[in-house]
Amino acid sequence: MTREEVFTKTHNIFKDIFDDDSLNITDSTNADDIDTWDSLNHINLVNSVEKEFGVKFALGELESLKDVGAMIDLTIKKLSK
Amino acid sequence: MLFNSYEFIFLFLPISFIIYFYLTSKRLITASKGWLIFSSLFFYSWWNIAYLPLILISILFNYSLSKSLIEFKEHNKNYISKKRLLQVGLILNISLLIYFKYMDFFISNTNFVFNSEISLLHLALPLAISFFTLQQIAFLIDSYEGLVEEKNFLDYTIFVIFFPQLIAGPIVHHAEMMPQFSSRWNLVKNYKNISAGLFIFSIGLFKKVVIADAFAQWANLGFTNSATLNLLEAWAASLSYTFQMYFDFSGYTDMAIGAALLFNIKLPQNFNSPYKATGIIDFWQRWHITLTVFIKTYVYTPILRSFSRITFTKAMFATFAAMFISGLWHGAGWNYIVWGSLHGVALVINHHWQKRKIKMNKILAWFITFNFVNVTLIFFKASTLSQAMEVLNNMITGNIVLYHSLDSVLSFLTPFGVHFGTVFTHIGEKPKTLVYIIIAFIIILAFKNSNELTEKFKASKYSLAYIFTLFIVAISMLSNFSEFLYFNF
């Protein structure tokens, strides 16, 4: 899967979780940019990404997923394993 | 050995520093690590050598267990599954903590409920046990989840026992610490780090010795005389404790960060001007940050992820449960449980508030947050629940006593129950208290915090003079060597 494909799918997950079809994200989008990106929605995001791509994040990794880019990079790293 | 003692500042710290960099300059890397471990163990044993075996066994056990978890091969015939292995590790670590920290609490509550007379164990709390247990639990879980690669035993031991963070944090994570201990770049003396380290160490020493220890006397007297406080005294006592807590704990943390920086080790930030917070969620992102991160990662998230469908209500349950556990972690007492629960409830309310997108005036939000923190700290400080209620009660219904000198101007208030006399009799009869409280408010609200200052720090004539002044003032007041509040947790 290319990075663009992962990005598009992740973008859809974001639109779904934050219930906003017009939501735009970039690699540097983080919790400061989206008001409702709190600890609860962070876990919702992680769960949806796991389900979508069939990967599993460890507890110790969640804190490092601070922005969209980090989330996509780690997903790709896990997909290539 | 306390950071705020002559033997630490003038003997232990310089000697451990000089010998460490002498060894690294001779390329004796293993010896230099050995030296760091030896000096940290010496530092730990200074209080009570009896618990030295306990921390060593804990390190050996957790290191071996994590090695088994890392090297675990699923297809081999195993007597025990990987998950079971982790569970055994977690249970043993937590049991050790429960045995030393909570047994007497359970026994006395059992005695109370069943009217039994089981005798208490009266165990001394092994220093640092609450902190090294958390750090090693995180290491075990990460080993189980495949985030830890084969690690060097010396680096692991230093990660747990490195003296700046050993006793009361910041709670460090192996992923941020162990690469620093194994990096060759950190083996050369770095004058920029040394001057920045001395800078933040001096700020911390000043916070502890000059500010926190002054507030400590008034807080202690106020809580001892909790039943007889007048209204202003009750407020002064509780504010004194709130300020003591911040300047003591963040002062300790500054000294830890400074001492570690001498060895080119960067400890994580633990405080970010917490009393500027404008909400309880905000507060916990600024106060004891490394504990918040630990609780969020290893308590809150697993609870929440154990549900099949995550809803707001379940997240709020997990939030409350995490704060309840955090309260209990601080100490074996109902007062800590009440403190944790109150913060849990406040976080839930704050989340509801945020969800409904209700905006509040910033000043009002700060006012509510600060007062909530101040009031809940009364439970944290009080030795019994009734003492906490007495202080709290006097903050609302205590007698209003104002200074003599105001008598002539404000005498018309007498019919409303206002008295005139000496105000702070029950907390030490010092008008200084009021001045300190005002100065403390200015410091916490208007000043940059020590981390912000250290980030911008540049060695110059002025900054050296500044360090020197802080240091000399603090050293000259160093006489009673009072312990840090968080050493009891």
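How many Å separate the centres of domain 1 of chain B and domain 2 of chain B, taken over C-alpha atoms? I find 32 Å.

I worked on a predicted model, in which local features need pLDDT of at least 70, side-chain atom pairs count only at pLDDT 80 or more, and totals for chains, interfaces and linings use all residues. Residues are numbered from 1 along each chain as its sequence is written, chains are lettered from A in the order in which they are written, and side-chain values use heavy atoms, with hydrogens and water left out.

**Entry 1: domains of chain B.** I took domain 1 as 6-189 and domain 2 as 197-278 + 360-488; such bounds come from an automatic or database domain assignment. I looked up the area buried between them, about 2300 Å², of which carbon and sulfur atoms give 73%. Buried area is the accessible area (1.4 Å probe) that two parts lose on being put together, summed over both. On the domain 1 side, Tyr6(B), Ile9(B) and Pro170(B) lose the most area, together 25% of what that side buries.

**Entry 2: chain A against chain B.** I noted 17 residues of chain A in contact (heavy atoms within 4.5 Å) with 20 residues of chain B. Leu40(A), Ile43(A) and Leu59(A) supply 40% of the area that chain A buries against chain B, more than any other three residues. I counted 2 salt bridges between the chains. Glu63(A) forms one with Lys296(B), where the closest N and O atoms are 3.6 Å apart.

Methods
A salt bridge is a side-chain nitrogen of Lys or Arg within 4 Å of a carboxyl oxygen of Asp or Glu.
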